[in-house]
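Here is a short tour of a protein model, written for reading alongside the structure. Keep the viewer open and follow the residue numbers as they come up.

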Amino acid sequence: MHSIGKGLIFFLCCLSLMILRADCAAAVDLSPENCREEHLSHSDMIALNSNQYHQERPIIIFFPGSAECSRPDAVMRFVRDYHLYDDLHADFLAVAIRTKGSRPEEWEEPAGDLLAFLAEKYETEPFDIIVDAVSFGGCGACCLTQLLQDHEIPVRELNLADACVSSCVTADWIDQLALGGTRVNLWGCYENTRISKATRMTIEALQDRENVQGQLFSCTHGQVLAVAVHDFGLHQEYRDAEQE
């Protein structure tokens with residue numbers, strides 16, 4: 001009887017470990033049913049019920065552009081319409097701010113909200129952090145990356161998709177973040193908008209800098225991150241080989 005009991009305990013422990021590993025390997029679920037809004041001090045955060053904040057899963061934090069940033073539903077519609085994170089084995093957060101997001105200072109306090117949220121989770125169990133941004137969301141992405149570095153929480157990767165806002169996201173700041181240990185990818189396009197021009201100039205200015213990569217695509221301003229994901233293989237390391 002005693003040996004049967006020990007065997008049962010061993011079996012249950014193995015089963016629990018298998019379930020845990022299966023959960024860690026589960027692909028991101030961006031369905032509306034799995035998304036919830038959390039009202040922070042200066043912003044609304046979109047989190048997934050399935051987020052695990054576990055060392056075996058990276059977390060991707062998405063900063064939207066000014067056209068979507070004030071409406072959580074619009075933020076998620078952008079993510080889903082472009083299929084940015086389908087089939088990735090990752091956790092996910094996105095931020096929606098309560099202003100138009102067209103001025104750099106509007107992103108500072110929302111970035112602070114995310115810092116406080118992430119620091120608490122990270123203290124329990126460290127995990128890889130990846131920050132993605134489109135358009136004016138680049139201001140918030142750089143603010144958060146800087147804050148995390150200042151609090152000795154490493155950011156593995158910062159992706160700025162046509163997001164080098166000339167009044168905020170400067171070449172010097174990006175270089176500083178890269179020297180702080182974050183791999184910075186600058187993705188741009190050939191459109192004639194002010195932010196597209198600024199991104200191209202920033203890519204040129206940083207083309208020989210350590211830990212910085214730049215790439216230009218023939219697409220529209222709003223498509224840059226999607227092209228980086230689907231055509232250039234951004235985040236491919238977090239996708240199953242059979243899904244490629």
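**The chain as a whole**

Please bear in mind that this is a predicted model. The protein chain contains seven helices and eight strands. It has 244 residues, and 50% of them are buried. If you take the contacts between residues at least 6 apart in sequence, 77% join residues at least 24 apart. The accessible surface comes to about 11,900 Å², with carbon and sulfur atoms accounting for 52% of that area.

In soluble globular proteins, nonpolar side chains tend to be buried together. Here the largest nonpolar core has 47 residues, and the members that touch the most others are Phe63, Ile129, Leu144 and Leu160. Apart from this core lies another one of 33 residues, including Val28, Phe62, Phe78 and Val79.

**Helix 3**

Helix 3 covers residues 108-124, 17 residues in total, and spans 25 Å from its first C-alpha to its last, close to the 24 Å expected. Its buried residues are Pro110, Ala111, Asp113, Leu114, Leu115, Phe117, Leu118 and Tyr122. These buried residues pack against strands 1, 2, 3, 4 and 5, and also against helix 4 (137-150).

**The loop between helix 2 and strand 4**

Aspartate 86 sits in the loop that runs between helix 2 (72-81) and strand 4 (91-97), and histidine 89 is found in that loop too. Are these two residues buried or partly exposed? Aspartate 86 counts as partly exposed because its relative accessibility is 29%, whereas histidine 89, at 17%, counts as buried because the cut-off for that class is under 20%.

Not counting residues up to four places away in sequence, aspartate 86 touches Leu30 and Arg239. Arginine 239 is 153 residues away from aspartate 86 along the chain.

| Pair | Kind of distance | Value |
|---|---|---|
| Aspartate 86 and histidine 83 | Polar contact between side chains | 2.7 Å |
| Histidine 89 and alanine 27 | Side chain to backbone nitrogen | 3.4 Å |
| Aspartate 86 and arginine 239 | C-alpha to C-alpha | 8.8 Å |

Notes
Residues numbered from 1 in each chain as written. Predicted model: local features only at pLDDT ≥ 70, side-chain atom pairs only at ≥ 80, totals over all residues. Heavy atoms only, no water. Helix = DSSP H or I, 4+ residues; strand = E, 2+ residues; numbered from the N terminus. Buried < 20%, exposed > 50% of the residue type's maximum accessible area, 1.4 Å probe, protein only. Contact = heavy atoms within 4.5 Å. Polar contact = N/O pair within 3.5 Å; in protein donor to acceptor, adjacent residues only side chain to side chain. Expected span 1.5 Å × (residues − 1). Areas by Shrake-Rupley, 256 points an atom, 1.4 Å probe, with all protein chains shown as cover. Core = buried A, V, L, I, M, F, W, Y, C linked by side-chain atoms within 4.5 Å.
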